[in-house]
Amino acid sequence: MIKIEKLHKSYPIGKEFIHVLKGIDLHIKEGEFVSIMGSSGSGKSTLLNIVGLLDVHDEGKYYLNGQLIKDLNEKKAAILRNKFLGFVFQSFNLISYKTALENVALPLYYKGVSRKERNEIAMDYLDKVGLKDWANHLPNELSGGQKQRVAIARALVTKPKVVLADEPTGALDSTTTDSVMDLLKDINNEGMTVFVITHEEEVAAQTKRIVRLKDGVIVSDELTKAPKTV
Amino acid sequence: MFDIDRWREIFQSISKNKLRSILSGFTVAFAILLFTLLFGIGNGLQNTFKKEFAGDAINAIYIWSSFTTVAYKGNQIGKKIQFKNDDFKFLKENFSKEIQTISPRIQRIVEVVHKSKKDTYTLRGIYPEYQIQESAEVEEGRFLNLRDIYQKSKVVVIGRLVEDDLFGQLSAVGKQLKIGGIMYQVIGVFSDPGGDNDERFIYTPFTTMQRLYGNTDHLDEFGITYNPNLSIDEAIVFGNKMLRTLKEKHDVSQEDQRAIGLFNNASGNREVTNMMIGLGILIFIIGFGTLIAGVVGISNIMVYVVNERTKELGIRKAVGATPKDIVAMILQEAIFITTISGYFGLILGVGILKVVGPSLKEYFILNPSVSTPVVIGATVTLIIAGVIAGYLPAKRAARIKPVVALSAD
């Protein structure tokens, strides 16, 4: 599903370049539940942005669903994102003036789904994350955990191949963290590839495979011994 | 292309971000309002000028005769110079190219009686062309025509105020008037932009008057309009040439300033024309300046709007919006807001001019108004400016990497 070979990425800081990713090799198959662990500055968010086509890499090869990602223009990237990828961000990134339902339906709008149909689908997914009753609330009327569940529903609504979650529990307390992780596990159990970035051991422990990143290189890549299933 | 979904997105974005929408709308509405008001007032000033000088045709020349003040070719000082019908013919033949219309004129002060009402007016015997020279407009009935001239009919066309004085609310057309003891039929009523004096004249065929008053071929004056293709300088030269030729014909010294008089509107026109041009330039600068201010305003607002929305645009891109989607959304919103608020400013401006306009008369502002094409042109200019002003930042925003946009606050 995701295949990365010798990936490099640097960022300019003033006149200097900071080499963030120094040759990453990673292969994630369909249906995996992978977490990337690392302290801040290890390059994990950069990796997710590249995998999510939100940023471009400098060197190396990246295959998404068998397709080589190279010289993508913004339009193609947008279409691929819409088709294959669902995002969950640490800061939720919901549009503040849209209701939960409208936020979830937004990717379908850009996919060209009719209004009636996309509202139905969006409602199904809100139901799935347990927020059907909150469909017409604005993000600022929801708790952090609820916002993140709306964001997860939005990530799922286009039936992507991969869900990319960047510190999905970073802004949540432990109880809501568990409920969000349970939700991600459910999704994975239904066959979805889930790719989580975190610096919390408890979060990583709930995934099936942990990749540890340090200073831009992978230092370990192992399956968790007893992945909990619910 | 009409895309109901995109319109929904736009309406939501506008109504949920009221302050932003009102700010950008206000800029445009205010610019158009100012433009309409200033332009309208400028036009009002111009109207005043036009009216002040529109009493007679703008290209009119009048020639009259008097007594000589210089002895010349055996003529003594104090000899009355008398124009006759052959002078009429002479001018018509010699200046056929330069003359647009020419009419001789005889004028008498007469007592006019209708039933119990009686008053004194100026009776003028003229040719139909005289109507053009006075800029008279027929309000009712008809003006004199050539048939009246040939038949020497006893008919009159009376000024609007003559009708008011003698007939009150009733129509004078078809009624009989006793003028200087002779019955005339009223065939028409005219109005004249020249004002009250000009609307108290009574016109009758030149030939009728010549026969009834003295039965000679004498006449008092000539009214002429010069060919409008002549430039002002050419028109002044033409007037001087006529004067010189007439003086020669009547054995009047060229030095004699009194024996034959000539008034040429062209000389006054030069000043008026210059003033109008100056005023026009002023109005143009005012209008242009207001528009520029509006364009700058809407551009600033658009830059601000796009900046403020960077994060939202990043989210939209992350969930699959293409750069084209982003640009189109911002532009459509900009066009919508500028059009609606531009229209609002226009209506408000025109309304204010309508309400306040009449009370500005004493400040030399007459009928302040703007022509629809001018205002629509201004609005379209602002819309285009809004589009360009919105397009550049929108394009930039659409190009920002989503990851950068998402991290914006």
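The crossing of helices H8(B) and H9(B) is left-handed, meaning that the near helix is turned anticlockwise from the far one by less than a right angle. The structure is a predicted model, in which local features need pLDDT of at least 70, side-chain atom pairs count only at pLDDT 80 or more, and totals for chains, interfaces and linings use all residues. Residues are numbered from 1 along each chain as its sequence is written, with chains lettered from A and ligands numbered from 1 in the order in which they are written.

The axes of H8(B) (residues 232-249) and H9(B) (residues 265-308) come within 9 Å and cross at roughly 160°; axes are lines fitted to C-alpha atoms, for helices over the stretch in contact, and angles run from 0 to 180 degrees between N-to-C directions. H8(B) and H9(B) are therefore roughly antiparallel, the term for angles over 145 degrees. Helices (H or I, at least four residues) and strands (E, at least two) are DSSP runs, numbered from the N terminus.

Strand S11(B) (residues 221-226) has five of its six residues buried, that is, with 20 or more other C-beta atoms, placed from the backbone, within 10 Å of the residue's own. S11(B) pairs in the antiparallel sense with S1(B) (residues 60-65) over five bridges and with S3(B) (residues 99-114) over six bridges, where pairing requires at least two DSSP bridges. B:Thr225 stands opposite B:Ala60, and B:Ile224 is the bridge partner of B:Ile102.

Conventions: Parallel < 35°, antiparallel > 145°, perpendicular 65-115°, else oblique. Buried ≥ 20, exposed ≤ 12 C-beta atoms within 10 Å, placed from the backbone.
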